[in-house]
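Let's take a walk through this protein together, one stop at a time. Have the viewer open beside you as you read.

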Amino acid sequence: MRSIRVIPCLDVDAGRVVKGVQFTDLFDAGDPVELAARYDAQGADELVFLDITASSDHRSTMVEVVSRTADVVFIPFTVGGGVRSVEDARRLLRAGADKVGVNTAAVERPGLVGELAAEFGSQCVVVAIDARRTPATGAPPTWEVFTHGGRTPTGLDVLAWSEQCVEQGAGEILLTSMDRDGTRDGFDLALTRQVSDRCPVPLIASGGVGTLDHLVEGAIEGAADAVLAASIFHLGEFTVAEAKARLTQAGLAVRPA
Amino acid sequence: MIAVLDYGIGNLRSAEKALQRVGGDAVLVTDPDRAAGADGVVLPGVGAFGCCARALADRGFDTLVRDVVGRGVPFLGICVGFQLLYEGSDEDPGVDGLGIFTGRVRSLAAGVKRPQMQWNVLRRRAADRVATPGSISLLDDVPEPAWVYFVHSFAPEVTSETSSTCEYGGEVAASAERGSLWGTQFHPEKSGTTGLRILQNFVASVPGGAP
């Protein structure tokens, strides 16, 4: 049986949760460990922490957050942001993270995904891809990989890059539509569907969730294995339990909250 | 004391913390001699079968595992730590497992995403097992339906010792039991309150397992 995971995402800057709207315009939404425990209690299937700390001075702060989370939360969680080497990953995994997410560093150093998979196993390696639709010209859409928090175009095609990551040992893809992120217009379903159909590993859809029906669309039309959202949960508009109730209503298998 | 065997593989902190949460006196142990005196032993494992098997042997834990299982010390293998108890794996055909459970570790069926990285429901096979009166089993008092978290591309064959399965492109072994020897393909330390209840059963099965 295929079940759909609901994953709240916590953007963390210097040890505090923030949520980016179109990756700018941040506001503080609390302590990551408290929020993680709250989502666990609501029935979240997994959690993603994205460390957006700019300064390397605060890198150890994230390890401390991971360690405190592992003391109180007994569901899987992924930590992404700033992972550039096997040693970076090891620190987070030893502190209690289950998976690490790599994004910019995977593009800059294509051997990294393979190194992480060889060292810790593919199940630990999530490749995060920030995708932007190339300007519509009437032709079928294509998407380009962006790095550095969505600021840097790479010239890489998202479909080709995601396949390459899986070949190197990625165990999961976390796919964010930059066009939709922060818009609340729903996932880029064509993007999600194409990557999911191409990749034999699980796909987490991200970017654009504004309603619970968007989660359903992501799982059905987008063929995503997991749906990720931040602000709808952080702002208290919907609980994880309500999200799961809607997915169940739509006929999808989910772990009850 | 419950020894969580630390042989340099993956996230061991979660197993240690979860056992402590349910009252277990769990300690990460890197020295086989120290583990030999434990009241209970947990063998976690993530990654590739061959890597884990080699890491286990390099640290002398293969002999330790055979010894404690042979002495009937309560034992719990988790994920690849469970798979290592079988004879071998199609993931790394040249590498021997410990051969404590009969059977081999096979790939999940084609046509489903691999790894299975999700929550799934346990189907009990209790009817196949003869419970020892007064003894504790892995899934005792675990509420139904029991949703647990899986991350794996391979799983042991379903045998008479398989105590639960899940459905994922076919019937997949989720746990096995032989007396005080238990193994789970899923991660009880990552399966929320259901997983903690399973670990509580393990702690309860260990004389001297709580501080």
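This is a predicted model: local features need pLDDT of at least 70, side-chain atom pairs count only at pLDDT 80 or more; totals for chains, interfaces and linings use all residues.

Two packed helices are described by the angle between their axes and the distance between the axes. In chain A, find helix α3, which covers residues 86-95, and helix α5, which covers residues 112-120; their axes lie 10 Å apart and the helices pack at an angle of about 45 degrees. If you display side chains here, α3(A) brings A:V86, A:A89, A:R90 and A:L93 to the contact, while α5(A) supplies A:L112, A:E115, A:L116, A:E119 and A:F120. Sorted by class, that contact holds six nonpolar and three charged residues, with no polar ones.

Further along chain A, you will meet another pair of helices. Here helix α8 (residues 212-220) packs with helix α10 (residues 240-249) at an angle of about 50 degrees, and their axes are 9 Å apart. That angle makes α8(A) oblique to α10(A), and the crossing is right-handed. On the α8(A) side, the contact is made by A:L212, A:D213, A:L215 and A:V216, and on the α10(A) side by A:E242, A:A243, A:R246 and A:L247. The contact of α8(A) with α10(A) has five nonpolar and three charged residues, and no polar ones.

Now for a pair that brings chains A and B together. Which residues make the contact between α2(A) and α1(B)? From α2(A) come A:S67, A:A70, A:D71 and A:V72, and from α1(B) come B:R13, B:K17 and B:R21. By class, this contact divides into four charged, two nonpolar and one polar residue.

Rolling a probe the size of a water molecule over the atoms shows where empty space is left. Searching the whole structure turns up one cavity of 30 Å³ or more. The largest cavity holds about 210 Å³ of space. It is lined by 18 residues, and those closest to its centre are A:D98, B:N11, B:V46, B:H187 and B:E189. What classes of residue make up the lining of the largest cavity? Nine are nonpolar, five polar and four charged.

Finally, a few backbone details are worth a look. In chain B, the peptide bond from B:R114 to B:P115 is cis, its omega being near 0 degrees. You can find B:P115 in the loop that runs between β5 (105-107) and β6 (116-121) of chain B. There is also a cis peptide bond from B:E144 to B:P145, with omega near -10 degrees. The loop holding B:P145 lies between β7 (123-124) and β8 (147-152) of chain B. Back in chain A, look at A:R184, a residue other than glycine whose phi is positive, near 65 degrees. A:R184 sits in the loop between β10 (172-177) and α7 (189-198) of chain A.

Definitions and conventions:
Residues are numbered from 1 along each chain as its sequence is written. Chains are lettered from A and ligands numbered from 1 in the order in which they are written. Side-chain values use heavy atoms; hydrogens and water are left out. On a 1 Å grid over the protein atoms alone, a cavity is a set of points where a 1.4 Å probe fits but cannot get out, and a pocket is an open set with protein on both sides within 12 Å along at least five of seven lines; lining residues have an atom within 4 Å of a point. Grid points are joined across faces, edges and corners, and a volume is the space filled by probe spheres set on the points. Ala, Val, Leu, Ile, Met, Phe, Trp, Tyr, Cys and Pro count as nonpolar, Asp, Glu, Lys and Arg as charged, and the others, Gly among them, as polar. Axes are lines fitted to C-alpha atoms, for helices over the stretch in contact, and angles run from 0 to 180 degrees between N-to-C directions. Helices (H or I, at least four residues) and strands (E, at least two) are DSSP runs, numbered from the N terminus. Contact means heavy atoms within 4.5 Å. Angles under 35 degrees count as roughly parallel, over 145 as roughly antiparallel, 65 to 115 as roughly perpendicular and the rest as oblique. A crossing is left-handed if the near helix is turned anticlockwise from the far one by less than a right angle, and right-handed if clockwise.
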